[in-house]
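Trainee: I would like to learn how to read the features of a structure like this one. Where do we start?

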Amino acid sequence: MKPDADVLIAGGGLAGCLMALALARGGLSSVLCDSLPAETRGARSFDGRAYAIAASCTRLLDGLGLWERLQTFAEPMRDIVVSDGRIGAAPSPFFLHFDHREGDSGPFAWMVEDRHLRRALLDAVADAPLIDHRAPVRVTDHETTAAGASLTLSDGTRLTGRMIIACDGRRSAIAARAGIRHMRRDYGQTGLVCAVAHDRPHEGVAHEYFLPAGPFAILPLPHNRVSLVWTETPANARRIIGLGDADFHDELRTRFGDFLGETRLEGQRYSYPLTLSLAEDYVRPRLALLGDAAHGIHPLAGQGLNLALKDVAALAEVLVDGARLGEDIGSLLTLERYQSWRRFDATAVALACDGLNRLFSNDNPLLRPLRDIGLGLVGRLPAARRFFMREAAGSMGELPRLMRGRPL
């Protein structure tokens with residue numbers, strides 16, 4: 001029997017939609033299965049969530065025909081300032097400043113609100129004849145054989161394809177059924193996310209302010225607004241998230257300060273536990289994990305979505321090239337090329353973020369002067385600064401074609 005598509009994608013979030021679009025660019029068909037209604041995914045109201053998309057990843061979005069739709073809503077991240085401090089006290093005089101004018105690729109990243117990115121993806125998916133988008137529907141079971149793969153859906157439908165891509169999150173049910181284990185660790189921290197409007201211009205500067213409970217990131221958005229990613233202990237996070245708007249804003253101001261003038265809360269507030277999750281394997285015969293299903297990292301460097309975008313670009317290139325060569329795209333031999341390309345890089349980024357969080361999320365009197373001096377030294381060494389700047393722009397390592405501005 002003819003399969004329903006070349007590839008079956010379980011999970012219709014950002015990673016799943018991007019994967020379907022990348023495959024379609026390479027001539028491969030997919031069925032995209034999303035548990036949420038399209039109306040929920042594509043809600044147009046501002047809710048405060050946003051992503052820092054690295055410069056190299058904007059080339060991927062451009063190659064998929066998305067960046068033109070998104071650039072109108074994107075805010076360039078021109079500079080990054082990293083500092084150490086305590087609540088209610090001035091930051092350490094030792095800080096690290098990444099200036100985009102020292103590099104050759106323009107802004108390090110672009111901040112894009114979640115609502116604009118999701119809307120652009122859904123519109124592009126709807127326009128792609130090679131994508132069969134099914135929502136809302138849950139994947140209840142899957143099967144892989146030597147001949148192909150199948151998904152069973154909550155409406156009783158059974159879909160067949162040459163392989164499955166699992167984009168179903170950190171607690172991937174497909175990975176669990178396939179016997180893929182994850183290394184997991186609870187950070188004992190909670191992330192708070194919200195947006196703030198302010199009076200003074202932010203000039204495209206992002207701030208990563210390390211406090212004893214965890215990092216406090218201030219990320220520039222269009223129209224004199226910033227997105228905050230704020231780390232707290234679970235107990236304090238529960239207290240803060242339960243405050244009324246006025247008291248919540250007062251709590252925020254003790255960390256935010258007044259360098260951007262008067263501030264006002266915008267959109268909703270979110271909180272979520274912070275954990276590390278790394279899959280021991282990314283592939284099985286006729287199965288590949290992608291995005292959070294493969295790796296979930298600490299948000300302090302804003303690299304979660306960028307790692308998923310690199311996964312998309314690498315897996316699409318492996319599958320499209322394999323199909324053009326007449327290979328079985330679901331074979332372990334083909335899929336292991338994707339694993340060897342992405343697992344080391346994603347693990348290295350995850351462990352680097354883990355190490356930075358361990359180093360800075362404390363008020364240890366012995367560590368504080370050492371790390372502050374370290375920030376100052378890196379700031380004075382141009383070669384070291386440029387290395388971290390290239391990492392922030394996502395231009396390190398072997399980049400897939402889509403991330404180098406080349407077509408599949």
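This is a predicted model: local features need pLDDT of at least 70, side-chain atom pairs count only at pLDDT 80 or more; totals for chains, interfaces and linings use all residues.

Trainee: Which residues touch the most other members of the largest nonpolar core?

Mentor: The general idea comes before the case. In soluble globular proteins, nonpolar side chains tend to be buried together. Here the largest nonpolar core has 80 residues, and Leu-66 and Ile-165 touch the most other members. A second, separate core has 30 residues, among them Ala-52, Phe-210, Ile-297 and Val-349.

Trainee: With which residues is Ile-165 in contact, leaving aside its neighbours within four places in sequence?

Mentor: Ile-165 is in contact with Val-7, Leu-8, Ile-9 and Ala-10, with Met-19 and Leu-23, and with Ala-288, Leu-290, Leu-315 and Leu-319, once neighbours within four places in sequence are set aside.

Trainee: Now the charged pairs. How many salt bridges does a search of the whole structure find?

Mentor: The search finds 32 salt bridges. The pairing criterion is a side-chain nitrogen of Lys or Arg within 4 Å of a carboxyl oxygen of Asp or Glu. One of the pairs is Asp-84 with Arg-371, at 2.7 Å from N to O.

Trainee: Are Asp-84 and Arg-371 buried or exposed?

Mentor: Both Asp-84 and Arg-371 are buried. Compare the pair Arg-86 and Asp-363, whose closest N and O atoms are 3.2 Å apart. Arg-86 sits in the loop between E5 and strand E6 (96-99), and Asp-363 in the loop between helix H10 (332-360) and H11, so parts 277 residues apart in sequence are tied together. Arg-86 counts as partly exposed at 40% relative accessibility, and Asp-363 does too at 36%.

Trainee: Where do Arg-401 and Asp-321 lie?

Mentor: Arg-401 is in the segment after helix H12 (382-392) and Asp-321 is in helix H9 (residues 304-324), so their pairing ties together parts 80 residues apart in sequence. Their side chains meet in a salt bridge of 2.8 Å, N to O. Arg-401 is buried, with a relative accessible area of 13%, while Asp-321 is partly exposed at 24%.

Trainee: Which residues do salt bridges that share partners join into one network?

Mentor: The network consists of Asp-84, Arg-86, Asp-363, Arg-368 and Arg-371.

Trainee: Which residues make the nonpolar surface patch of about 280 Å²?

Mentor: That patch is made by Phe-94, Ile-373 and Leu-377. Leu-377 is placed in helix H11 (residues 367-380).

Trainee: How should I read a single residue? Is Arg-44 buried or exposed?

Mentor: Read its place, its accessibility and its contacts together. Arg-44 is in the loop between helix H2 (38-41) and strand E3 (50-54). Its relative accessible area is 60%, and exposed means over 50%, so Arg-44 is exposed. Not counting residues up to four places away in sequence, Arg-44 touches Arg-115 and Arg-119. Its C-alpha atom is separated by 33 Å from that of Phe-210, 166 residues apart along the chain.

Trainee: And Asn-306: is this residue buried or exposed?

Mentor: Asn-306, in helix H9, is buried, with a relative accessible area of 2%. Beyond residues up to four places away in sequence, Asn-306 touches Ala-52, Ile-53, Ala-54 and Cys-57.

Definitions and conventions
Residues are numbered from 1 along each chain as its sequence is written. Side-chain values use heavy atoms; hydrogens and water are left out. A nonpolar core is a set of buried Ala, Val, Leu, Ile, Met, Phe, Trp, Tyr and Cys residues joined through side-chain atoms within 4.5 Å. Buried means under 20% relative accessible area, exposed over 50%, partly exposed in between (1.4 Å probe, protein chains only). Contact means heavy atoms within 4.5 Å. Helices (H or I, at least four residues) and strands (E, at least two) are DSSP runs, numbered from the N terminus. Patches are made of residues with over 30% relative accessible area and no salt bridge: like charges are joined within 9 Å, nonpolar side chains (Val, Leu, Ile, Met, Phe, Trp, Tyr) within 5 Å. Accessible areas come from the Shrake-Rupley method with a 1.4 Å probe; for residues, only the protein chains shown count as cover.
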